[in-house]
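Here is my note on the model below. Please read the points with the structure open beside you.

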Amino acid sequence: MRRNSRSRLSLSLLLVAGALGLGATPATAAEVRTPAAAPSAIPSASASAYALDAAVERTLGAGTAGTYLDRKTGELVVTVTTDRAEEQARATGATVRRVARSAAQLDSAIETLEAEAKITGTSWGIDPRTNQVAVEADSSVSARDMARLEAVAERLGGAVNISRVPGVFHREVLGGGAIYGGGSRCSAAFNVTKGGARYFVTAGHCTNISANWSATSGGSVIGVREGTSFPTNDYGIVRYTDGSSPAGSVDLYNGSTQDIASAANAVVGQAIRKSGSTTKVTSGTVTAVNVTVNYSDGPVYGMVRTTACSAGGDSGGAHFAGSVALGIHSGSSGCSGTAGSAIHQPVVEALRAYGVSVY
């Protein structure tokens with residue numbers, strides 16, 4: 001089933017700084033860098049924007065067709081289709097925009113794609129800036145399947161926009177400095193805590209592999225899996241069992257770290273950063289939410305699409321904005337120049353599933 005967004009195998013280690021006591025240097029990492037700071041033209045979400053976005057969700061629910069940050073002003077824009085919803089949205093203090101398609105109509109379009117065009121190598125999600133379902137088809141999608149996809153989109157009367165992307169959607173493999181389990185390498189995204197115990201969250205396609213995780217290949221166990229979910233979701237959790245108390249920071253791969261103090265759901269249009277062991281720290285923009293990605297080994301739902309660059313070895317890394325944790329890196333179709341298609345699992349969902357918090 002598709003989840004509402006608001007609410008693989010070997011793998012990389014980004015390491016959360018201080019986590020597991022490992023250094024940040026990748027074992028074999030291609031240097032693919034973009035500026036660590038987001039371009040000034042891309043708005044950054046403030047604490048008030050996250051709070052307002054959450055308030056809009058609570059107040060309007062399905063009464064809004066989505067929210068996004070205005071590229072020029074940086075203000076949160078709420079899309080609505082009715083007078084009542086507009087009144088409710090204005091009461092929250094948000095900027096309001098009337099659009100043609102409601103949340104129900106966009107959801108219906110997604111359900112049609114699910115039923116009639118579930119093709120490996122495609123992904124779709126809601127872009128409230130265009131009031132459409134934004135579909136991407138990678139290079140593995142055949143001409144015949146593209147024709148099928150386009151025919152479904154045409155029947156939906158402009159609710160769907162299709163674009164081709166280079167590369168192939170996949171869980172991003174390989175690795176740098178890593179944690180090890182089941183003969184594979186995996187990334188830790190964020191260190192978290194519950195009742196005084198320490199854990200890290202990572203991609204579910206990592207934690208599916210093994211129950212025990214080590215800091216070195218064949219080394220002693222430093223953590224034990226306590227939960228995993230993939231496909232459908234893509235998150236898992238490992239409890240530290242070696243007595244360590246790792247810092248709650250993300251490695252910026254320049255000798256410094258970024259403290260993580262809170263978690264939130266990403267907002268379309270905002271600037272984000274991704275930290276991973278292959279492409280290090282890259283930056284981009286959130287382009288769609290409620291994204292379905294049709295991987296070859298099963299779909300994941302309720303994901304977030306960004307333009308951050310990523311490559312083999314980044315799987316399981318951290319998506320964040322300042323001190324706010326946003327997501328766990330799942331995969332992409334690769335990167336062309338500085339334009340990527342990195343997909344993340346919203347971290348808030350994982351934190352709620354396991355009853356843990358960042359620190």
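1. β5 supplies the largest share, 5 residues. The pocket holds about 200 Å³ of space. By class, its lining divides into 3 nonpolar, 9 polar and 4 charged residues. Here Ala, Val, Leu, Ile, Met, Phe, Trp, Tyr, Cys and Pro count as nonpolar, Asp, Glu, Lys and Arg as charged, and the others, Gly among them, as polar.

2. How the pocket was defined: on a 1 Å grid over the protein atoms alone, a pocket is an open set of points where a 1.4 Å probe fits, with protein on both sides within 12 Å along at least five of seven lines; lining residues have an atom within 4 Å of a point. The volume is the space filled by probe spheres set on the points, with grid points joined across faces, edges and corners.

3. Please keep the basis in mind. This is a predicted model, in which local features need pLDDT of at least 70 and side-chain atom pairs count only at pLDDT 80 or more, while totals for chains, interfaces and linings use all residues. Residues are numbered from 1 along each chain as its sequence is written, and side-chain values use heavy atoms, with hydrogens and water left out.

4. The protein chain has 6 helices and 26 strands. These are DSSP runs numbered from the N terminus (helices H or I, at least four residues; strands E, at least two). Of its 359 residues, 58% are buried. Buried means under 20% relative accessible area, with a 1.4 Å probe and protein chains only. The chain exposes about 13300 Å², and carbon and sulfur atoms supply 50% of that. The area comes from the Shrake-Rupley method with a 1.4 Å probe.

5. Strand β22 (residues 324-332) is largely enclosed by the rest of the structure, because 9 of its 9 residues are buried. It pairs in the parallel sense with β17 (residues 262-263) over 2 bridges. Pairing requires at least two bridges found by DSSP. Ala-263 has Ala-325 as its bridge partner in β22. β21 (residues 318-321) runs antiparallel to β22, joined by 4 bridges. There, Ala-321 is partnered by Val-324. The β21-β22 hairpin has 2 residues between the strands, and Gly-322 takes a positive phi near 60°. β25 (residues 343-346) is also antiparallel to β22, again with 4 bridges. Ile-328 stands opposite Gln-345 in β25.

6. β12 (residues 212-214) and β13 (residues 221-229) run antiparallel, joined by 3 bridges. Asn-212 is partnered by Val-224 in β13. Their hairpin has 6 residues between the strands, and Gly-218 in the turn has a positive phi of about 80°. β13 then pairs antiparallel with β14 (residues 235-240) over 6 bridges. Arg-225 is partnered by Val-238 in β14.

7. The loop between β13 and β14 deserves a check. Pro-231 sits in this loop, and a cis peptide bond joins Phe-230 to Pro-231, with omega about -5°. The hairpin has 5 residues between its strands, and Thr-232 takes a positive phi near 75°. Most residues other than glycine have a negative phi, and most peptide bonds are trans.

8. Which other residues have a positive phi although they are not glycine? Tyr-253, at about 55°, is one. It lies in the loop between β15 (249-251) and β16 (257-259), and it counts as buried because its relative accessibility is 12%. Asn-290 is another, also at about 55°. Asn-290 belongs to strand β19 (residues 280-295) and counts as buried at 3% relative accessibility.

9. Buried residues of α3 include Leu-106, Ile-110 and Leu-113. In α6 (residues 347-354), 6 of 8 residues are buried, among them Val-347, Leu-351 and Tyr-354. Gly-355 follows α6 with a positive phi near 65°.

Conventions
Buried means under 20% relative accessible area, exposed over 50%, partly exposed in between (1.4 Å probe, protein chains only).
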